Amino acid sequence: MPRRPVQFDLRSRTVLLGVAGSRAQGLASSGSDVDLRGVAIAPPDNLLGIEPLFEQADSAGEMDVFADLLTADETLVAQTEKLEGSVYALAKFARLCADCNPNMLELLFCRDEEVRLCTPVGERLRAARDQFLSQKAAHTFTGYALAQLKRIQGHRHWLLSPPAGAPTRAQFGLPERTLLPRDQLLAAEAEVRKKLDGWSPDWGALPASEIQRLEDRLAEFMAEVMQASDTRWHLAARVVGLDDNLIRAMDRERRYRAAQRGWEQYRTWKRQRNPARAALEAKHGFDTKHGAHLVRLLRMGQEIVETGEVHVWRGGRDAEELQAIRAGAWTYDQLVEHAQQGAASLRRALSDGRCSLPPKPDHAAIHALVVELVRTML
(Lines give C-alpha, C1' and ligand atoms only; values in the text may rest on other atoms or scores of the structure.)
Protein backbone atom coordinates (compact mmCIF):
# COMPACT_ATOMS: atom_id res chain seq x y z
CA MET A 1 0.00 0.00 0.00
CA PRO A 2 1.22 3.55 -0.69
CA ARG A 3 2.53 5.36 2.35
CA ARG A 4 0.19 7.97 3.77
CA PRO A 5 1.39 11.57 3.20
CA VAL A 6 2.72 13.43 6.22
CA GLN A 7 -0.15 15.05 8.14
CA PHE A 8 1.83 17.88 9.75
CA ASP A 9 4.22 20.69 8.85
CA LEU A 10 7.34 18.66 8.07
CA ARG A 11 9.63 21.67 7.84
CA SER A 12 8.84 22.93 11.36
CA ARG A 13 9.27 19.46 12.90
CA THR A 14 12.59 18.65 11.20
CA VAL A 15 15.55 18.88 13.57
CA LEU A 16 18.36 17.84 11.24
CA LEU A 17 18.75 17.87 7.46
CA GLY A 18 21.72 17.46 5.16
CA VAL A 19 22.64 16.64 1.59
CA ALA A 20 23.41 12.97 1.13
CA GLY A 21 25.16 10.67 -1.30
CA SER A 22 27.88 11.98 -3.58
CA ARG A 23 27.44 15.57 -2.35
CA ALA A 24 28.08 14.51 1.24
CA GLN A 25 31.03 12.38 0.15
CA GLY A 26 32.84 14.97 -1.96
CA LEU A 27 32.32 12.91 -5.11
CA ALA A 28 29.68 15.01 -6.87
CA SER A 29 29.93 16.76 -10.17
CA SER A 30 28.17 20.09 -10.69
CA GLY A 31 25.11 18.36 -12.11
CA SER A 32 24.83 15.52 -9.58
CA ASP A 33 21.36 14.90 -8.19
CA VAL A 34 20.43 16.57 -4.92
CA ASP A 35 19.42 13.95 -2.37
CA LEU A 36 18.36 15.07 1.11
CA ARG A 37 18.32 13.10 4.35
CA GLY A 38 16.82 14.32 7.59
CA VAL A 39 15.31 13.61 10.99
CA ALA A 40 11.98 14.89 12.31
CA ILE A 41 9.97 14.61 15.52
CA ALA A 42 6.23 14.49 14.95
CA PRO A 43 3.87 16.71 16.96
CA PRO A 44 2.13 15.38 20.10
CA ASP A 45 -1.15 14.50 18.38
CA ASN A 46 0.71 12.11 16.09
CA LEU A 47 2.71 10.55 18.91
CA LEU A 48 -0.27 10.19 21.25
CA GLY A 49 -3.30 9.75 18.98
CA ILE A 50 -4.81 6.81 17.13
CA GLU A 51 -3.47 7.72 13.69
CA PRO A 52 -0.51 5.68 12.32
CA LEU A 53 2.77 6.94 13.70
CA PHE A 54 4.96 8.97 11.38
CA GLU A 55 8.00 6.96 10.32
CA GLN A 56 9.29 8.46 7.11
CA ALA A 57 8.61 11.13 4.47
CA ASP A 58 9.93 10.44 0.98
CA SER A 59 7.10 10.83 -1.49
CA ALA A 60 7.14 13.16 -4.47
CA GLY A 61 6.94 16.77 -3.42
CA GLU A 62 7.54 16.29 0.31
CA MET A 63 11.16 17.43 0.03
CA ASP A 64 10.17 20.65 -1.73
CA VAL A 65 9.59 22.38 1.65
CA PHE A 66 13.38 22.42 2.05
CA ALA A 67 14.18 23.93 -1.35
CA ASP A 68 15.07 27.35 0.09
CA LEU A 69 17.85 25.76 2.17
CA LEU A 70 19.85 24.61 -0.84
CA THR A 71 23.01 26.22 -2.14
CA ALA A 72 22.94 28.05 -5.47
CA ASP A 73 24.40 25.06 -7.31
CA GLU A 74 21.96 22.66 -5.65
CA THR A 75 19.07 24.98 -6.49
CA LEU A 76 20.00 24.97 -10.18
CA VAL A 77 20.00 21.18 -10.21
CA ALA A 78 16.74 20.98 -8.27
CA GLN A 79 15.09 23.24 -10.86
CA THR A 80 15.69 20.67 -13.60
CA GLU A 81 15.75 17.42 -11.59
CA LYS A 82 13.25 16.31 -8.96
CA LEU A 83 14.41 17.06 -5.42
CA GLU A 84 14.60 13.67 -3.71
CA GLY A 85 15.36 12.36 -0.26
CA SER A 86 13.93 11.00 2.97
CA VAL A 87 13.18 12.46 6.38
CA TYR A 88 12.91 9.85 9.14
CA ALA A 89 11.18 9.84 12.48
CA LEU A 90 13.77 10.17 15.23
CA ALA A 91 13.08 6.72 16.69
CA LYS A 92 13.43 4.98 13.32
CA PHE A 93 16.55 6.96 12.50
CA ALA A 94 18.10 6.05 15.85
CA ARG A 95 17.34 2.35 15.36
CA LEU A 96 18.96 2.38 11.93
CA CYS A 97 22.01 4.22 13.25
CA ALA A 98 22.29 1.73 16.13
CA ASP A 99 22.52 -0.96 13.44
CA CYS A 100 25.34 1.06 11.83
CA ASN A 101 23.35 1.61 8.66
CA PRO A 102 25.85 3.38 6.36
CA ASN A 103 23.28 5.75 4.86
CA MET A 104 22.04 6.91 8.25
CA LEU A 105 25.50 7.30 9.80
CA GLU A 106 26.31 9.57 6.88
CA LEU A 107 23.99 12.28 8.24
CA LEU A 108 25.43 12.05 11.75
CA PHE A 109 29.06 12.19 10.61
CA CYS A 110 28.96 14.42 7.53
CA ARG A 111 30.83 17.73 7.62
CA ASP A 112 29.02 20.83 8.89
CA GLU A 113 29.26 22.18 5.34
CA GLU A 114 26.78 19.54 4.14
CA VAL A 115 24.22 20.23 6.89
CA ARG A 116 21.34 22.38 5.65
CA LEU A 117 19.23 22.58 8.81
CA CYS A 118 20.19 21.86 12.42
CA THR A 119 18.15 22.89 15.45
CA PRO A 120 19.47 22.59 19.03
CA VAL A 121 17.88 19.13 19.13
CA GLY A 122 19.72 18.24 15.93
CA GLU A 123 22.97 19.53 17.40
CA ARG A 124 22.49 17.33 20.47
CA LEU A 125 21.89 14.33 18.20
CA ARG A 126 25.03 15.03 16.18
CA ALA A 127 27.05 15.54 19.38
CA ALA A 128 26.03 12.05 20.57
CA ARG A 129 26.90 10.32 17.29
CA ASP A 130 29.71 8.18 18.70
CA GLN A 131 27.15 6.36 20.87
CA PHE A 132 25.86 4.64 17.74
CA LEU A 133 29.16 3.09 16.65
CA SER A 134 29.93 -0.55 17.31
CA GLN A 135 31.52 -3.59 15.73
CA LYS A 136 28.28 -4.01 13.77
CA ALA A 137 29.83 -1.56 11.30
CA ALA A 138 32.08 -4.34 10.00
CA HIS A 139 29.03 -6.38 9.03
CA THR A 140 26.84 -3.58 7.69
CA PHE A 141 29.47 -1.88 5.56
CA THR A 142 30.61 -5.25 4.20
CA GLY A 143 27.00 -6.26 3.60
CA TYR A 144 26.17 -3.06 1.73
CA ALA A 145 29.35 -3.35 -0.34
CA LEU A 146 28.64 -6.95 -1.31
CA ALA A 147 25.07 -5.98 -2.15
CA GLN A 148 26.57 -3.54 -4.66
CA LEU A 149 28.64 -6.42 -6.06
CA LYS A 150 25.51 -8.56 -6.49
CA ARG A 151 23.84 -5.75 -8.42
CA ILE A 152 26.94 -5.35 -10.57
CA GLN A 153 27.02 -9.08 -11.33
CA GLY A 154 23.31 -9.20 -12.13
CA HIS A 155 23.50 -6.21 -14.46
CA ARG A 156 26.67 -7.56 -16.05
CA HIS A 157 24.88 -10.82 -16.83
CA TRP A 158 22.08 -8.87 -18.52
CA LEU A 159 24.63 -6.75 -20.36
CA LEU A 160 26.64 -9.69 -21.72
CA SER A 161 23.78 -12.18 -22.13
CA PRO A 162 20.52 -10.26 -22.46
CA PRO A 163 17.38 -12.43 -22.43
CA ALA A 164 15.95 -12.95 -25.89
CA GLY A 165 12.36 -12.45 -24.82
CA ALA A 166 9.69 -13.24 -22.29
CA PRO A 167 9.78 -16.82 -21.00
CA THR A 168 7.15 -19.24 -22.22
CA ARG A 169 5.57 -22.09 -20.34
CA ALA A 170 6.73 -24.51 -23.03
CA GLN A 171 10.37 -23.70 -22.21
CA PHE A 172 9.77 -25.22 -18.77
CA GLY A 173 7.91 -28.28 -20.01
CA LEU A 174 4.55 -26.81 -19.01
CA PRO A 175 1.27 -26.82 -20.93
CA GLU A 176 -0.27 -23.48 -21.82
CA ARG A 177 -2.61 -23.86 -18.87
CA THR A 178 -1.62 -25.45 -15.60
CA LEU A 179 -2.97 -28.95 -15.04
CA LEU A 180 -2.98 -28.40 -11.29
CA PRO A 181 -6.09 -26.86 -9.73
CA ARG A 182 -5.10 -23.47 -8.37
CA ASP A 183 -6.37 -24.17 -4.86
CA GLN A 184 -4.41 -27.44 -4.74
CA LEU A 185 -1.25 -25.69 -5.94
CA LEU A 186 -1.58 -22.87 -3.39
CA ALA A 187 -2.27 -25.30 -0.56
CA ALA A 188 0.77 -27.43 -1.42
CA GLU A 189 3.01 -24.37 -1.71
CA ALA A 190 1.75 -23.12 1.66
CA GLU A 191 2.68 -26.44 3.30
CA VAL A 192 6.18 -26.32 1.81
CA ARG A 193 6.64 -22.69 2.87
CA LYS A 194 5.49 -23.52 6.40
CA LYS A 195 8.09 -26.27 6.63
CA LEU A 196 10.83 -24.00 5.25
CA ASP A 197 9.89 -21.27 7.74
CA GLY A 198 10.15 -23.83 10.53
CA TRP A 199 13.71 -24.55 9.45
CA SER A 200 14.69 -20.88 9.41
CA PRO A 201 16.84 -19.90 12.41
CA ASP A 202 15.82 -17.02 14.64
CA TRP A 203 18.64 -14.54 14.05
CA GLY A 204 17.34 -12.16 16.72
CA ALA A 205 18.49 -8.54 16.45
CA LEU A 206 21.43 -9.17 14.11
CA PRO A 207 21.86 -6.59 11.33
CA ALA A 208 20.25 -7.50 8.02
CA SER A 209 23.64 -7.73 6.32
CA GLU A 210 24.91 -10.26 8.89
CA ILE A 211 21.70 -12.28 8.59
CA GLN A 212 22.21 -12.42 4.82
CA ARG A 213 25.80 -13.58 5.30
CA LEU A 214 24.76 -16.36 7.68
CA GLU A 215 21.92 -17.47 5.43
CA ASP A 216 24.29 -17.62 2.46
CA ARG A 217 26.65 -19.82 4.49
CA LEU A 218 23.74 -22.02 5.55
CA ALA A 219 22.65 -22.37 1.91
CA GLU A 220 26.19 -23.42 0.96
CA PHE A 221 26.18 -26.03 3.73
CA MET A 222 22.80 -27.40 2.67
CA ALA A 223 23.99 -27.63 -0.94
CA GLU A 224 26.98 -29.71 0.18
CA VAL A 225 25.06 -32.18 2.33
CA MET A 226 22.24 -32.71 -0.16
CA GLN A 227 22.37 -34.14 -3.66
CA ALA A 228 23.29 -31.62 -6.35
CA SER A 229 19.82 -31.92 -7.90
CA ASP A 230 18.07 -31.16 -4.62
CA THR A 231 17.37 -27.87 -2.88
CA ARG A 232 15.92 -27.02 0.52
CA TRP A 233 12.60 -26.54 -1.27
CA HIS A 234 12.68 -30.07 -2.74
CA LEU A 235 13.61 -31.52 0.62
CA ALA A 236 10.80 -29.63 2.37
CA ALA A 237 8.31 -30.76 -0.28
CA ARG A 238 9.22 -34.41 0.33
CA VAL A 239 9.09 -34.02 4.11
CA VAL A 240 5.51 -32.68 3.99
CA GLY A 241 4.51 -35.74 1.94
CA LEU A 242 4.15 -34.46 -1.63
CA ASP A 243 4.66 -37.14 -4.28
CA ASP A 244 7.41 -36.80 -6.86
CA ASN A 245 5.06 -36.06 -9.79
CA LEU A 246 3.48 -33.14 -7.92
CA ILE A 247 6.91 -31.90 -6.82
CA ARG A 248 8.18 -31.91 -10.41
CA ALA A 249 5.10 -30.04 -11.66
CA MET A 250 5.30 -27.48 -8.86
CA ASP A 251 9.02 -27.01 -9.43
CA ARG A 252 8.45 -26.21 -13.12
CA GLU A 253 5.79 -23.69 -12.16
CA ARG A 254 8.15 -22.10 -9.63
CA ARG A 255 10.99 -21.82 -12.12
CA TYR A 256 8.65 -20.37 -14.76
CA ARG A 257 7.40 -17.69 -12.33
CA ALA A 258 10.99 -16.90 -11.33
CA ALA A 259 11.90 -16.47 -15.00
CA GLN A 260 8.92 -14.15 -15.45
CA ARG A 261 10.11 -12.01 -12.52
CA GLY A 262 13.63 -11.93 -13.97
CA TRP A 263 12.28 -10.80 -17.33
CA GLU A 264 10.28 -7.98 -15.75
CA GLN A 265 13.32 -6.88 -13.72
CA TYR A 266 15.41 -6.82 -16.89
CA ARG A 267 12.81 -4.70 -18.70
CA THR A 268 12.62 -2.27 -15.77
CA TRP A 269 16.41 -2.01 -15.71
CA LYS A 270 16.54 -1.28 -19.44
CA ARG A 271 13.76 1.29 -19.22
CA GLN A 272 15.08 3.21 -16.20
CA ARG A 273 18.82 3.31 -16.94
CA ASN A 274 20.48 6.70 -17.03
CA PRO A 275 21.86 7.12 -20.60
CA ALA A 276 25.30 8.37 -19.51
CA ARG A 277 25.61 5.62 -16.93
CA ALA A 278 24.44 3.02 -19.44
CA ALA A 279 27.16 4.16 -21.86
CA LEU A 280 29.83 3.68 -19.18
CA GLU A 281 28.40 0.27 -18.33
CA ALA A 282 28.42 -0.80 -21.97
CA LYS A 283 31.99 0.45 -22.43
CA HIS A 284 33.47 -1.19 -19.33
CA GLY A 285 31.24 -4.24 -18.93
CA PHE A 286 29.87 -3.38 -15.48
CA ASP A 287 28.21 -0.57 -13.53
CA THR A 288 31.18 1.57 -12.58
CA LYS A 289 29.10 3.79 -10.28
CA HIS A 290 28.15 0.78 -8.16
CA GLY A 291 31.82 -0.20 -8.29
CA ALA A 292 32.94 3.11 -6.79
CA HIS A 293 30.31 2.80 -4.05
CA LEU A 294 31.54 -0.71 -3.27
CA VAL A 295 35.14 0.46 -2.80
CA ARG A 296 34.09 3.46 -0.70
CA LEU A 297 31.94 1.34 1.63
CA LEU A 298 34.70 -1.20 2.26
CA ARG A 299 37.23 1.53 2.97
CA MET A 300 34.89 3.39 5.30
CA GLY A 301 34.12 0.15 7.14
CA GLN A 302 37.83 -0.54 7.56
CA GLU A 303 38.40 2.98 8.91
CA ILE A 304 35.57 2.67 11.42
CA VAL A 305 36.70 -0.72 12.68
CA GLU A 306 40.37 0.21 12.97
CA THR A 307 40.10 3.82 14.18
CA GLY A 308 36.52 4.34 15.39
CA GLU A 309 36.24 7.29 12.98
CA VAL A 310 33.67 7.80 10.21
CA HIS A 311 35.08 9.71 7.24
CA VAL A 312 32.08 10.52 5.06
CA TRP A 313 33.90 13.26 3.12
CA ARG A 314 36.43 11.54 0.85
CA GLY A 315 38.15 14.71 -0.34
CA GLY A 316 41.82 14.60 0.63
CA ARG A 317 41.61 10.84 1.07
CA ASP A 318 40.58 8.84 -1.98
CA ALA A 319 38.05 11.02 -3.81
CA GLU A 320 40.14 11.19 -6.99
CA GLU A 321 40.63 7.43 -7.08
CA LEU A 322 36.92 6.77 -6.45
CA GLN A 323 36.00 9.16 -9.25
CA ALA A 324 38.48 7.39 -11.51
CA ILE A 325 36.90 4.01 -10.66
CA ARG A 326 33.51 5.47 -11.54
CA ALA A 327 34.98 6.64 -14.84
CA GLY A 328 36.18 3.09 -15.61
CA ALA A 329 39.78 2.99 -14.31
CA TRP A 330 39.33 -0.50 -12.85
CA THR A 331 38.43 -3.68 -14.71
CA TYR A 332 35.63 -5.92 -13.55
CA ASP A 333 38.14 -8.54 -12.36
CA GLN A 334 40.02 -5.92 -10.33
CA LEU A 335 36.81 -4.85 -8.66
CA VAL A 336 35.77 -8.40 -7.74
CA GLU A 337 39.22 -9.14 -6.34
CA HIS A 338 39.15 -5.93 -4.30
CA ALA A 339 35.68 -6.76 -2.94
CA GLN A 340 36.80 -10.21 -1.83
CA GLN A 341 40.00 -8.94 -0.24
CA GLY A 342 38.28 -5.98 1.42
CA ALA A 343 35.56 -8.13 2.98
CA ALA A 344 38.19 -10.57 4.27
CA SER A 345 40.25 -7.69 5.68
CA LEU A 346 37.27 -6.38 7.62
CA ARG A 347 36.60 -9.82 9.09
CA ARG A 348 40.24 -10.10 10.15
CA ALA A 349 40.14 -6.67 11.79
CA LEU A 350 37.44 -7.98 14.11
CA SER A 351 38.94 -11.40 14.75
CA ASP A 352 42.47 -10.18 15.59
CA GLY A 353 41.28 -7.64 18.16
CA ARG A 354 42.16 -4.45 16.28
CA CYS A 355 38.70 -2.98 16.83
CA SER A 356 38.26 -0.99 20.05
CA LEU A 357 34.53 -0.42 19.46
CA PRO A 358 32.01 -2.32 21.60
CA PRO A 359 30.40 -5.42 20.06
CA LYS A 360 27.05 -3.61 20.04
CA PRO A 361 25.87 -0.12 20.99
CA ASP A 362 24.46 0.79 24.39
CA HIS A 363 20.76 0.59 23.53
CA ALA A 364 19.71 1.90 26.94
CA ALA A 365 21.78 5.05 26.40
CA ILE A 366 20.37 5.52 22.89
CA HIS A 367 16.84 5.03 24.20
CA ALA A 368 17.46 7.67 26.87
CA LEU A 369 18.85 10.04 24.24
CA VAL A 370 15.76 9.65 22.06
CA VAL A 371 13.44 10.21 25.03
CA GLU A 372 15.42 13.31 26.00
CA LEU A 373 15.25 14.77 22.49
CA VAL A 374 11.53 14.09 22.08
CA ARG A 375 10.79 15.70 25.43
CA THR A 376 12.90 18.71 24.48
CA MET A 377 11.05 19.08 21.18
CA LEU A 378 7.63 18.74 22.80
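Visitor: What orientation do α8 and α14 have to each other?

Guide: Helices α8 and α14 are roughly antiparallel (an angle over 145 degrees) to each other. Two packed helices are described by the angle between their axes and the distance between the axes. Here α8 (residues 136-160) and α14 (residues 288-307) pack at about 165°, with axes 9 Å apart. The axes are lines fitted to C-alpha atoms over the stretch in contact, and angles run from 0 to 180 degrees between N-to-C directions. Helices are DSSP runs (H or I, at least four residues), and strands are runs of E of at least two, both numbered from the N terminus.

Before we go on, this is a predicted model: local features need pLDDT of at least 70, side-chain atom pairs count only at pLDDT 80 or more, and totals for chains, interfaces and linings use all residues. Residues are numbered from 1 along each chain as its sequence is written, and side-chain values use heavy atoms, leaving out hydrogens and water.

Visitor: Which residues make the contact between α8 and α14?

Guide: On α8 they include Phe141, Tyr144, Leu149 and His155, and on α14 they include His290, Leu294, Met300 and Val305 (contact means heavy atoms within 4.5 Å). By class, this contact has 13 nonpolar, 7 polar and 1 charged residues. Ala, Val, Leu, Ile, Met, Phe, Trp, Tyr, Cys and Pro count as nonpolar, Asp, Glu, Lys and Arg as charged, and the others, Gly among them, as polar.

Visitor: At what angle do α5 and α6 pack?

Guide: Helix α5 (residues 90-98) packs on α6 (residues 102-109) at about 105°, with the axes 8 Å apart. The two are therefore roughly perpendicular (65 to 115 degrees) to each other. Phe93, Leu96 and Cys97 of α5 meet Met104, Leu105, Leu107 and Leu108 of α6. This contact has 7 nonpolar, no polar and no charged residues.

Visitor: How many cavities of 30 Å³ or more does the structure hold?

Guide: There are 2. A cavity is a set of points on a 1 Å grid over the protein atoms alone where a 1.4 Å probe fits but cannot get out, and lining residues have an atom within 4 Å of a point. The largest cavity holds about 80 Å³ of space. Its lining includes Ser22, Lys289, His293 and Arg326, and the elements giving two or more residues to this lining are α2 (22-25), α14 and α15 (319-326).

Visitor: What lines the second largest cavity?

Guide: Gly18, Val19, Ala20, Ala24, Arg37, Glu106, Leu107 and Cys110 do. By class, the lining has 5 nonpolar, 1 polar and 2 charged residues.

Conventions: Parallel < 35°, antiparallel > 145°, perpendicular 65-115°, else oblique. 1 Å grid on protein atoms, 1.4 Å probe; cavity = no way out; pocket = protein on both sides within 12 Å on 5 of 7 lines; lining within 4 Å. Points joined across faces, edges and corners; volume = space filled by probe spheres on them.
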